[in-house]
Amino acid sequence: MSKRAFSLRRRLLISLLLMLALGFCALAVSLFDTRDELRRISLFLQAEEIARDFRPEESLDSLPRQYAGGEMSYSLYSAQGALLQASSNLEIPRRLRPAQPEDELALFKLKHRSGYVVSVSVTLPTGEILMVAKQDQRERELIGALLQTRMWRSLLLWLPVCAVGLLLIAWLIHWTLRPVRQAASLAATLGPAQPELRLPVTELPKEIRPLAQAVNQSLDRLMQAYRHEQQLVADAAHQLRTPLAVMSLRLQTAQHHDDKDWDLLREDIAHLQRLVSQWLSLARKQEQPTELVDKTALAPLCRRVMGELWPLFEQAGRELQFQDDSPQDLVLACEADLAEAIANALDNALTHGKDTVTLRLHQPQADSCAIDISDQGSALDAQTAHLAFERFHKQDSASKGAGLGLTIVRQILLRHGGQAQFLPGPHCTLRLLLPLATQAPASSDKKMV
């Protein structure tokens with residue numbers, strides 16, 4: 001089930017709206033308890049004025065019961081916190097809470113509500129603490145109304161600011177994503193008709209550049225594969241044209257004459273079958289993934305392939321020898337692919353080589369194993385050795401081969417991290433070089449076949 005498509009612009013706008021809402025909530029939380037803080041600060045000032053001339057030995061009833069429009073009550077404590085006296089209008093003395101006006105100005109402090117009665121403490125010159133409480137209904141109502149008015153005024157100012165901010169953010173997102181839209185429009189025109197076009201990486205935001213670079217790299221690989229397939233089809237069409245024309249002429253000849261050369265037609269059909277088979281094999285080798293997990297021993301594999309081709313060498317009157325000089329021959333490779341590569345290399349030596357063909361397994365380097373297939377024919381020069389691995393290239397134009405055998409050999413070796421090359425020397429030698437698998441066991445089987 002596919003996921004629902006989302007809009008990046010919508011998500012950004014929702015996120016910013018949530019941030020604005022959280023900002024307003026933070027403002028509301030910061031204003032919480034502001035009314036009680038103002039009430040306590042106001043009462044601090046009033047309590048200091050009331051207690052200025054008060055003496056601890058005097059009665060609390062001598063202090064004013066009404067002050068600034070509110071009923072006052074008092075509790076007196078010693079410096080050690082012991083209750084000394086309480087005013088007669090209190091049923092229960094006020095709890096001792098020593099505090100200073102500066103405590104209300106602290107950056108971080110615990111919030112607490114004062115209710116309908118607010119109380120503060122005043123420290124007398126002699127050390128006693130006077131708790132002053134006031135039922136300030138009028139002040140509480142006025143301060144609450146003032147704060148509510150301020151909050152609504154801030155909200156009315158906050159809303160247009162938010163609206164302007166959202167419009168600015170929407171324009172900023174539209175402006176920021178404009179290079180992405182332009183890149184998308186350009187991507188819609190990409191194709192075989194304009195293979196050189198790529199996404200403009202430098203004009204995109206830094207966060208999107210890796211995606212554009214990955215897309216351009218993918219396009220490079222796709223166009224390379226596309227050109228390869230075009231070349232492969234063109235080469236195949238060129239190579240199929242001649243044998244098909246020959247078959248057509250022979251069929252026309254057989255139609256108008258009584259003598260029908262079926263042997264030649266069978267040879268033509270066999271040639272076409274081999275050509276198409278090797279062409280398909282080459283295409284599969286180029287499309288297969290490169291992950292290799294199987295470990296293959298080369299010595300038994302070489303013996304098996306040589307045994308399968310032995311009848312062809314006997315029929316041609318040629319000798320086939322095997323020499324194992326490698327202490328380690330275990331490689332990380334697909335056994336079927338390597339068997340095909342070795343068979344094609346031996347078939348090339350049988351078709352184009354001379355006299356005895358020798359397959360030698362040895363270790364030219366500590367981390368690699370080589371399969372040298374040599375015959376008594378003359379060595380190839382550098383240019384001919386290079387062209388021998390090209391598709392449909394044949395050293396002998398009269399050869400019945402398809403010209404794809406060595407191409408398949410090279411493709412298989414490259415997929416396995418190795419290489420195929422003709423060695424210089426007096427005789428023709430084709431080397432198939434493969435990297436050894438790690439911790440490969442030693443091979444003690446050395447003998448001449």
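Is D220 buried, partly exposed or exposed, and why?

Mentor: First, a caution: this is a predicted model. D220 counts as partly exposed, because its relative accessibility is 39%. The cut-offs explain the call: buried means under 20%, exposed means over 50%, and partly exposed lies in between.

Now look at the partner. D220 forms a salt bridge with R198. Their closest N and O atoms are 2.7 Å apart. This pair links distant parts of the chain. D220 sits in helix 5 (residues 209-256). R198 sits in the loop between helix 4 and helix 5. The two are 22 residues apart. R198 is also partly exposed, because its relative accessibility is 24%. Side chains of opposite charge can pair when their charged atoms come close.

That bridge belongs to a wider set. The structure holds eleven salt bridges. Take D36 and R39. They form a salt bridge, with the closest N and O atoms 2.9 Å apart. Both residues lie in helix 2 (residues 34-50). They are three residues apart, so about one helical turn separates them. D36 is buried, and R39 is buried too. Salt bridges also link D36, R39 and D136 in a network.

E49 and R52 give another bridge. Their side chains meet at 3.0 Å, N to O. E49 is partly exposed, because its relative accessible area is 41%. R52 counts as exposed, because its relative accessibility is 54%.

Helix 4 (residues 178-187) packs against helix 3 (residues 137-176). The angle is about 35 degrees, and the axes are 4 Å apart. Helix 3 brings H174, W175 and T176 to the contact. Helix 4 brings R178, P179 and R181. By class, the contact has two nonpolar, two polar and two charged residues.

A search of the whole structure finds one aromatic pair. That pair is W171 with W175, and it is stacked. The centres are 6.1 Å apart, with 10 degrees between the planes. Both residues lie in helix 3. They are four residues apart, about one turn of the helix. W171 counts as exposed, because its relative accessibility is 51%. W175 counts as partly exposed, because its relative accessibility is 44%.

Last, the nonpolar interior. In soluble globular proteins, nonpolar side chains tend to be buried together. The largest nonpolar core here has 41 residues. Those with the most contacts inside it are I342, L346, L359, I371 and L432. Among the elements that give two or more residues to this core are helix 7 (298-315), helix 8 (335-352), strand 9 (357-365) and strand 10 (368-378).

Leaving aside neighbours within four places in sequence, L359 is in contact with residues including C302, M306, F322, I342, L346 and I371. Q321, Q323 and D372 are also among its contacts. Another core lies apart from the largest one. That other core has 17 residues, among them F54, V118, L130 and V132.

Technical notes
Residues are numbered from 1 along each chain as its sequence is written. This is a predicted model: local features need pLDDT of at least 70, side-chain atom pairs count only at pLDDT 80 or more; totals for chains, interfaces and linings use all residues. Side-chain values use heavy atoms; hydrogens and water are left out. A nonpolar core is a set of buried Ala, Val, Leu, Ile, Met, Phe, Trp, Tyr and Cys residues joined through side-chain atoms within 4.5 Å. Buried means under 20% relative accessible area, exposed over 50%, partly exposed in between (1.4 Å probe, protein chains only). Contact means heavy atoms within 4.5 Å. Axes are lines fitted to C-alpha atoms, for helices over the stretch in contact, and angles run from 0 to 180 degrees between N-to-C directions. Ala, Val, Leu, Ile, Met, Phe, Trp, Tyr, Cys and Pro count as nonpolar, Asp, Glu, Lys and Arg as charged, and the others, Gly among them, as polar. Rings of Phe, Tyr and Trp (its six-membered ring) pair if their centres lie within 6.5 Å; planes under 30 degrees apart count as stacked, over 60 as edge-to-face and the rest as tilted. A salt bridge is a side-chain nitrogen of Lys or Arg within 4 Å of a carboxyl oxygen of Asp or Glu.
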